Amino acid sequence: MKKSNKIMALALAAAMTAAMTAPVYAEGTISGIDDLEGKIIGVQLGTTGDIYASDYEGDEAGTVIERYNKGNDAVMALKQGKIDCVIIDEQPAKAFVEKNDDLTILEEDFTTEEYAIAVSKDHQELTESINGALAELKEDGTVDSIISNYIGDDTKGKTPYESPEDVDRSNGTLVMATNAAFEPYEYYSEEKIVGIDVDLAQAIADKLGMELEIEDMEFDSIITAVQSGKADIGVAGMTVTEDRLKNIDFTDTYTTAKQVIIVKK
């Protein structure tokens, strides 16, 4: 066999091997919500994306929902070709795409949602106290300032929240359950949990005269922790839904967010 023919044969064999081992994608690309049917959709377990994506599960088109404990795990599965897209909250999606230039967010939003703080149905007094603190923090601009410190190219890092020096914390400890893998709402920075929800919870604790203690756990364990009394509140970019309201109460909302779709470029 001539050298050139041998090279071509080797190249063809390599191509055939790659074709047989390559990930199997659903037919067609995803450019909007209408293209989700029949695809493999990745979500973080127990999140709003999981709840709403479940509507597609078991449809005639054969849509599959793959659930991951962490949003980053879903994103890695997308990069590896194991799934066709990821449905997740807008701000974490932006953080993932910023770090992965082979991914992009579709222009069409999947859905809009409102975030609030989860509280046990047995602690209505605490819910009312937090609502009072939230109202004050909204009125004096603290909530907007906290959010602006983490979101927005022109405002990011410019308005960090600082607790007043003269706070009397004799009212005990406020235990916050969260999932610290949800930038910019809660995430690790230099081994410390930071983010919008952390600063907001701290500001509320300051208003209530309490120490803030943060417990990091899987997202789908947060409601159980609040129900059982392991935590006083659940703050993790948590959306108010009818299903969740069957098990816990929510405070007034503190921000509006979106669920978006991440795909490979």
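## Basis of the values

The model is predicted, so local features are given at pLDDT of at least 70 and side-chain atom pairs at pLDDT 80 or more, while totals for chains, interfaces and linings use all residues. Residues are numbered from 1 along each chain as its sequence is written, and side-chain values use heavy atoms, with hydrogens and water left out.

## Nonpolar cores

The largest nonpolar core contains 34 residues, of which I117, I130, I204 and I233 touch the most other members. A nonpolar core is here a set of buried Ala, Val, Leu, Ile, Met, Phe, Trp, Tyr and Cys residues joined through side-chain atoms within 4.5 Å; buried means under 20% relative accessible area, exposed over 50%, and partly exposed in between (1.4 Å probe, protein chains only). At least two residues of this core come from each of helix 5 (124–139), helix 6 (142–148), strand 7 (173–178), strand 9 (192–194) and helix 7 (196–208). Helices (H or I, at least four residues) and strands (E, at least two) are DSSP runs, numbered from the N terminus. Helix 7 supplies the largest share, 8 residues. In soluble globular proteins, nonpolar side chains tend to be buried together.

A second, separate core has 15 residues, including I222, I223, V226 and F250. Contacts of I117, a member of the largest core, are made with I130, I204, I233, G234, V235, D249, F250, T251 and Y254, leaving aside neighbours within four places in sequence. Contact means heavy atoms within 4.5 Å.

## Helix 5

The 16 residues of helix 5 should span 22 Å at 1.5 Å a residue, and the end C-alpha atoms are 23 Å apart, which agrees. The expected span is 1.5 Å times one less than the number of residues.

Buried positions in helix 5 are L126, T127, I130, N131, A133, L134 and L137. These buried residues pack against strand 6, helix 6, strand 7, helix 7, strand 11 (233–234) and strand 12. After helix 5 comes G141, which has a positive phi near 85°.

## Salt bridges

The whole structure holds 11 salt bridges, each defined as a side-chain nitrogen of Lys or Arg within 4 Å of a carboxyl oxygen of Asp or Glu. One of them joins the side chains of R67 and D50 (2.8 Å, N to O). R67 lies in strand 2 (residues 64–68) and D50 in helix 2 (residues 48–53), so this pair ties together parts that are 17 residues apart in sequence. R67 is partly exposed at a relative accessible area of 32%, whereas D50 is buried at 8%.

K121 and D249 meet through their side chains in another salt bridge (3.0 Å, N to O). Because K121 lies in the loop between strand 6 (118–119) and helix 5 and D249 in strand 12 (residues 249–250), the pair ties together parts that are 128 residues apart in sequence. K121 is partly exposed at 35% relative accessibility, and D249 is buried at 18%.

A further salt bridge links K207 with E136, with the closest N and O atoms 3.0 Å apart. K207 is in helix 7 and E136 in helix 5, so the pair ties together parts that are 71 residues apart in sequence. K207 is partly exposed at 39%, as is E136 at 42%. Salt bridges with shared partners also join D50, E57 and R67 into one network.

## Aromatic pairs

There are 4 aromatic pairs in the whole structure. Rings of Phe, Tyr and Trp (its six-membered ring) pair if their centres lie within 6.5 Å; planes under 30 degrees apart count as stacked, over 60 as edge-to-face and the rest as tilted. The rings of Y115 and Y254 have centres 6.4 Å apart and planes at 50°, so the pair is tilted. This pair links distant parts of the chain, with Y115 in strand 5 (residues 111–115) and Y254 in the loop between strand 12 and strand 13 (255–264), 139 residues apart.

Y115 is buried with a relative accessible area of 0%, and Y254 is buried with 6%. Y115, F182, Y185 and Y254 form one aromatic cluster.

## Surroundings of Q44

Q44 belongs to strand 1 (residues 40–44) and is buried, with a relative accessible area of 3%. The side chain of Q44 makes a polar contact with the side chain of N179 at 2.9 Å. A polar contact is a pair of N or O atoms within 3.5 Å; within protein, one must be able to donate a hydrogen and the other to accept it, and residues adjacent in sequence count only if both atoms are side-chain atoms.

Not counting residues up to four places away in sequence, Q44 touches D50, Y68, N69, K70, G71, N179 and F219.
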